[in-house]
Amino acid sequence: RTDGTTDYYEITQRVADAELIPGVRTPIWGYNGIFPGPTLVSRSGRRTVVKHRNELPVPAVVHLHGGHTPPEFDGYPIDFILPVGAKDDSAWGGMATHLHGALHQGERQYEYPLDQRAATLWYHDHRMDYTGASVWRGLAGFHLVHDDEEGVLGLPAEGRDLPLMIVDRSFAADGTLQYPALDPTMAKQPGVRNAYASGVLGDAILVNGVLWPYAEVPAVRHRLRLLNASNARRYRLVLDPPPPGGKGFVQIGSDGGLLDRPVTHDAIEFASAERFDVVVDFGRYNPGQRVNLVNELGAGSTRQVMQFRVGAKATDDSRVPDVLSSTPALAPASATVQRDFTFRTGSVGAMTGWLTNGKPFDPHRYDAMPKLGDTEIWQFQSDFHHPIHLHLVQFKVISRNNKEPGVYDAGWKDTVDLKPNEQVQVITRFTGYRGRYVFHCHNLEHEDMAMMANFVTT
Ligand code: C2O
Ligand code: CU
Ligand code: CU
């Protein structure tokens with residue numbers, strides 16, 4: 001539904017059966033009962049209102065990842081939509097009640113101004129301590145934002161613009177999804193490594209909710225919006241075979257929208273929640289050729305991602321201009337504050353988990369209070385792989401280990417892939433709304449095991 005100024009969507013979150021593996025029935029938790037959830041599409045600057053009804057057996061929280069969203073609609077981890085019929089959250093540990101979160105009964109509306117550039121956003125569950133389990137069961141979907149700037153470039157569009165949500169999952173013999181309890185003894189199941197270290201890894205790869213799928217593509221340019229929606233798995237994607245001359249991926253965008261100029265790659269390496277918007281010209285292959293999208297960091301069943309079956313040549317009036325966009329740079333000298341955050345494992349009392357500056361997540365501790373309009377440099381230090389994500393803003397990576405940013409750091413980002421023992425600096429400007437937001441590791445098991453903190457814009 002739409003009116004002069006606003007687009008409206010209604011989503012019911014419910015338990016449903018899905019066919020993730022051909023011929024096999026898998027119960028999921030789905031937005032409208034499907035995985036991925038419905039792809040929402042918005043125009044930049046046009047308000048989008050999404051009404052969510054919760055028919056799941058647990059409370060839900062919806063976060064629009066990459067959205068420039070007022071705090072009350074951002075999906076704070078204790079801002080619950082209770083299951084339809086529930087009066088409070090006592091059946092689920094009373095977390096939101098004890099921590100003074102919010103309880104919405106059965107349904108609520110999220111209002112997104114989408115006052116931001118065209119970009120590949122996604123929405124997913126964000127309930128405190130249970131995000132990993134809920135997303136694993138299926139609570140994730142795309143939300144695409146288009147704008148006029150992007151519209152005139154002539155990039156591949158319509159059927160040649162493919163959002164690809166890549167996840168790993170494990171299945172039991174009866175087709176049900178297997179998610180280990182967060183208990184180190186449970187985590188030693190085959191195909192799933194110790195949840196305390198790597199997060200939960202599956203042993204099969206799904207694209208848009210289908211196991212190792214294929215896509216039939218005419219031999220022309222396609223835009224692939226790659227999203228790593230896995231709980232914890234990192235990928236290094238290559239085209240096998242590569243096109244003659246290599247550099248099969250022409251990166252045109254990152255988490256926060258179009259790059260200023262395209263960057264070519266032989267491989268795309270990315271961590272949870274990162275998006276790489278690339279153009280692949282299948283016209284560089286012969287009609288009839290099969291091109292595999294392969295994960296070089298995987299082995300056996302986690303190596304194959306999907307296949308492209310190249311069809312006949314067709315007219316292709318798309319192009320990738322040398323200049324895609326021009327966004328104002330943030331000068332490091334204009335930063336008013338530098339803040340330091342370490343992301344490390346550790347123990348606090350009896351609790352062993354993943355900590356930010358030595359502390360577990362506490363909704364009432366303000367870890368940073370940036371002033372609206374200010375530019376800041378945030379420095380992150382890691383002990384392990386940690387994809388660090390900030391809500392509300394997009395940032396630029398300005399250094400890794402005091403050297404230049406890496407080849408996968410181009411453009412505006414909301415999630416940066418920290419490697420073990422790395423130090424990364426990012427710069428951002430806090431704009432838009434005053435209130436409490438989180439930043440956290442997007443390895444969802446690390447997030448659930450407390451590697452999350454608050455910033456409050458004032
Ligand atoms: Cu994609 Cu705080 O999340
Ligand atoms: Cu987010
Ligand atoms: Cu982490």
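Q: How many bridges join β6 to β7, and do they run parallel or antiparallel?
A: Four bridges, and the two strands run parallel. Keep in mind that this is a predicted model. β6 covers residues 79–82, and β7 covers residues 102–105.

Q: Which residue in β7 is the bridge partner of leucine 82?
A: That's glutamine 105.

Q: And what about the faces of β6, covered or open?
A: Both are covered. Asp79 and Ile81 are buried on one side, and Phe80 and Leu82 are buried on the other.

Q: OK, over to the open sheet of four strands. What's the order?
A: The order is β3-β10-β9-β5, and the pairing is mixed. β3 (37–43) and β5 (62–65) each have a single partner strand, so each has one side with no neighbour in the sheet. On average, neighbouring strands here are turned by 20° against each other, ignoring direction.

Q: In what sense do β3 and β10 pair?
A: In the parallel sense, over five bridges. Strand β10 is residues 140–146. Serine 42 stands opposite valine 145 in β10.

Q: Switching to the inside: how many residues does the largest nonpolar core have?
A: It has 84 residues, and Met165, Ile166, Leu226 and Val278 have the most contacts inside it. Domain 1 (6–146) and domain 2 (158–310) both contribute residues, so this core lies between them. In general, nonpolar side chains in soluble globular proteins tend to be buried together.

Q: What is methionine 165 in contact with, leaving aside neighbours within four places in sequence?
A: Pro36, Ala140, Phe142, Val207, Asn208, Leu227 and Ala229. There's also a second, separate core of 29 residues, which includes Ile377, Val393, Ile427 and Met452.

Q: You mentioned Pro36. Is the peptide bond from phenylalanine 35 to proline 36 cis or trans?
A: It's cis, with omega near -10°. Proline 36 sits in the loop between β2 (26–31) and β3. A cis peptide bond also joins aspartate 240 and proline 241, where omega is about 0°. Proline 241 is in the loop between β16 (235–240) and β17 (249–254).

Q: Back to the loop between β2 and β3. What's the phi of asparagine 32?
A: Asparagine 32, which lies in that loop, has a positive phi of about 55° although it isn't a glycine. It has 16 C-beta neighbours inside 10 Å, so it counts as partly exposed.

Q: And where is aspartate 129 found?
A: In the loop between β9 (119–125) and α2 (131–136). Aspartate 129 isn't a glycine, yet its phi is positive, about 75°. With 18 C-beta neighbours inside 10 Å, aspartate 129 counts as partly exposed too.

Q: Last topic, the whole chain. How many helices and strands does the protein chain have?
A: Four helices and 31 strands. The radius of gyration is 21 Å, close to the 23 Å that the globule rule gives for 458 residues, so the chain is as compact as a globular protein of that length. Along its principal axes, the C-alpha trace spans about 60 × 60 × 50 Å.

Q: What percentage of the 458 residues count as buried?
A: 47%. As for contacts between residues at least 6 apart in sequence, 74% join residues at least 24 apart.

Terms used:
Residues numbered from 1 in each chain as written. Chains lettered and ligands numbered in written order. Predicted model: local features only at pLDDT ≥ 70, side-chain atom pairs only at ≥ 80, totals over all residues. Pairing = 2+ DSSP bridges. Axes fitted to C-alpha atoms, helices over the stretch in contact; angles between N-to-C directions. Buried ≥ 20, exposed ≤ 12 C-beta atoms within 10 Å, placed from the backbone. Core = buried A, V, L, I, M, F, W, Y, C linked by C-beta atoms within 7 Å. Domains from an automatic or database assignment. Contact = placed C-beta atoms within 7 Å. Rg over C-alpha atoms; globule rule 2.2 N^0.38 Å.
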